[in-house]
Amino acid sequence: MRVVLAGGGTAGHIEPALALADALRQLDPNIGITCLGTERGLETRLVPDRGYELQLVPAVPLPRSITPQLLTVPGRLAGAINAASAVMDRVQADVLVGFGGYVATPAYLGARRRGVPIVVHEANPRPGLANRLGARLTEHVFTGHRNTPLARAQYVGIPLRREIVALDRLSMGDKARSWFGLEADLPTLLVTGGSQGARSLNRAALAAAPALRRAGVQVLHVIGPKNTLEEEPPPGDPQYVALQYVDRMDLAYAAADFALCRSGAMTCAELTAVGLPAAYVPLPHGNGEQRLNAEPIVEAGGGLMVDDVDLTPEWIIQNVLPILSDPERVVTMSEAAARMGSKDADVTLARRVLQIAAEGKNR
């Protein structure tokens, strides 16, 4: 069996593809997996690091409005379709699974040209342009959000890494806190703005640090690889540990009692899978999908939500600190968050992909 995965640009497209790849390999160790990407995306680092073959095709961003750039799209798209088709020919693909991003459009069109079965997975409540196109070319459409408006879509959740979905936060808590130099018995706040960090979260959390420390709360703050803090947290106890990047987010989740974070689809999926309650701060720009990601969790009691413009040190002190000071409330919110999580989307989707590929072979 040979599977081609198309999803690139951001971690939100790449990580579900890689989680699916891992699940496929668990089900069939002999399976052939090739990932399509572009040279400008995070996939150039993430895919090889996970041990999968990466083939690059030209990136063809599609303008959102009528501009002179629109006139250049057909020629560039044709080249990208040819490149994607050539990869599928070379590996003799039995199925293409697309997750969106620049690489998905030429992959969908190339698969349609070659008669390769197409599977679409859309992680967000508002589908992107590539996946809206892909969903028109296949009846095999799966979503990570229950209310995504795509025809014939089936909800499966978002495929996540096994180290996340298999995480037992309670049993790993002490080890995880020790890993980051934190105390084992103090309430712990995790602050993270996602893969690139978030300056508004960084500023507000750092300014709230003295009050958090006075209340006996320690902080694990992931500021983002391209960010620096305007001032360093003063030394003292409880600890305020600031790191630019953490490659063991499973341990960060295990160390925390509560999170302050953005509400991207992957972040919401991971936090609910591990049962970590959070204060969600949707991106203040874009199409509003980050608010839609967090709303069901908040409504279920598994988190809070605050607009970026309203996130201040005072808001943290007035809303987050009382939760961290109340262990029973932390437990109640943790249980509510966990009820919203999906731990087996990777295996569920992998089994469907194998079934679809097998059906295509038998036609």
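Select Ala265, Cys268 and Thr272 in helix α10: they meet Asn293, Ala294 and Ile297 in helix α11. Contact here means heavy atoms within 4.5 Å. By class, the contact of α10 with α11 has 4 nonpolar, 2 polar and no charged residues. Ala, Val, Leu, Ile, Met, Phe, Trp, Tyr, Cys and Pro count as nonpolar, Asp, Glu, Lys and Arg as charged, and the others, Gly among them, as polar.

This is a predicted model: local features need pLDDT of at least 70, side-chain atom pairs count only at pLDDT 80 or more, and totals for chains, interfaces and linings use all residues. Residues are numbered from 1 along each chain as its sequence is written, and side-chain values use heavy atoms, leaving out hydrogens and water.

Now show all of α10 (265-274) and α11 (289-299). They pack at about 25 degrees, with axes 9 Å apart. Axes are lines fitted to C-alpha atoms, for helices over the stretch in contact; angles run from 0 to 180 degrees between N-to-C directions. The two helices are therefore roughly parallel (angles under 35 degrees).

Next, the sheet. It is open, with 7 strands in the order β3-β2-β1-β4-β5-β6-β7 and parallel pairing. Strands pair if DSSP finds at least two bridges between them. Helices (H or I, at least four residues) and strands (E, at least two) are DSSP runs, numbered from the N terminus.

Select β6 (141-143): 3 bridges join this strand to β7. Val141 stands opposite Ala153 in β7.

Finish with α14 (345-361). This helix lies across β4, β5, β6 and β7, at about 140 degrees to β4.

Note on methods:
Parallel < 35°, antiparallel > 145°, perpendicular 65-115°, else oblique.
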